[in-house]
Each structure stands twice: as structure tokens, then as C-alpha cells.
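Subject: Structure handover

Dear colleague,

Here is the structure I said I would pass on. My notes on it follow below the entry.

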Amino acid sequence: MPSTKVDHSDKQGGKKWGALKKDQDGALSEINEELVKNGDYSSYEDLEERLANYKIKFMEFDQDDSGDLDVKDVTFMMEKLGQPKNLLEVKKMIAEVDTNNSGTINYNEFIEMMLGKKNSVLKIILMFEEKRKEKEKPAGIPPKKSLSDLP
């Protein structure tokens, strides 16, 4: 299990946590820039936007700022998405995506899962969640209707 970079005994570690998140954001942004330059996923026309969204998702679910999604992080992710899974199911989901047999999902594996050709349970759930959130409700006051507008 990866070690965390945060000292959990320090109860006033907000600035340290913010600095770690900023460092992680910078590192993931560099990986995203590299992926755009390499052209591995050039078939996606909105690649930069997708990578930015995936970076936000990855950072949201990497609770201990280890740079990897471990069993605890994936369990939290599934619960937050409304798809709670037991420990065995989570381990199978991680093993499906984990290419270096570390028992965790690093950012490159996460991107490969989301943009690659292979379908995994985790990818399907995350894609379903994205589609469900895309529905925007109309903003503002609804237009007034008259009797002639009725069917």
C-alpha cells in the first residue's frame, strides 16, 4: 500500500495539504501536456478538456495524496458515485486496470482506462456518471404560458 505524504498527526496541516494538492495538480498537468504532445489519443477532438476533467476526478478521489488510487480510494469513489462495492469487487476492478501489478491505479493507468479501447467496470460506471451529470436544468424564470399554449 502506498505511503501518504501527509502527516496525519498534525491536526493543523491545511497549508501542507494545500501545497501537496498544488504539487499533485502540477505533476498531473505535466502528464496531460505530455499526452497531448505524444498524440497517442489524437482521435479525441476534445482531448485537452477530457484530460482536465479526468485530472480533477483523479485528484478528488486520491484522498491521501499518494498519487495512486488504492482500495480505500476506489471504495470511496464507488460509494460517492452511488455504486457501493465490497472489498473483493474493488480489488477485481483495480486488477482489471492495474498494468504494473502494484495493487493501485496510478494516473497513467487511469487515463489509459478512460481513453483506451479496453472497457472495464470502473470506466463504464464513471462514463455513466458523466452522462448523468451533463443534463442542465433551464436557468431563470420559466416563460409565461397562456391558454393557447395548452394542447
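From the N terminus on, the elements of the protein chain run α-α-β-α-α-β-α-α, which comes to six helices and two strands. Please keep in mind that this is a predicted model.

Overall figures. The protein chain has 151 residues, and 34% of them are buried. Of the contacts between residues at least 6 apart in sequence, 54% join residues at least 24 apart.

Aromatic pairs. Searching the whole structure gives four aromatic pairs. One of them is Phe 58 with Tyr 107: the ring centres are 5.2 Å apart and the planes meet at 75 degrees, over the 60 degrees required, so the pair counts as edge-to-face. The two residues are 49 apart and the pair links distant parts of the chain, with Phe 58 in helix α2 (residues 47-61) and Tyr 107 in helix α5 (residues 107-115). Phe 58 has a relative accessible area of 1% and is buried; Tyr 107, at 3%, is buried as well. Both residues belong to one aromatic cluster, which Tyr 54 and Phe 110 complete.

Helix α3. This helix covers residues 71-80, and its buried residues include Asp 73, Val 74, Thr 75, Met 77 and Met 78. In an α-helix, residues three or four places apart point the same way, because there are 3.6 residues a turn. Just after α3, Gly 82 has a positive phi of about 80 degrees.

Regards

Conventions
Residues are numbered from 1 along each chain as its sequence is written. This is a predicted model: local features need pLDDT of at least 70, side-chain atom pairs count only at pLDDT 80 or more; totals for chains, interfaces and linings use all residues. Side-chain values use heavy atoms; hydrogens and water are left out. Buried means under 20% relative accessible area, exposed over 50%, partly exposed in between (1.4 Å probe, protein chains only). Helices (H or I, at least four residues) and strands (E, at least two) are DSSP runs, numbered from the N terminus. Rings of Phe, Tyr and Trp (its six-membered ring) pair if their centres lie within 6.5 Å; planes under 30 degrees apart count as stacked, over 60 as edge-to-face and the rest as tilted. Contact means heavy atoms within 4.5 Å.
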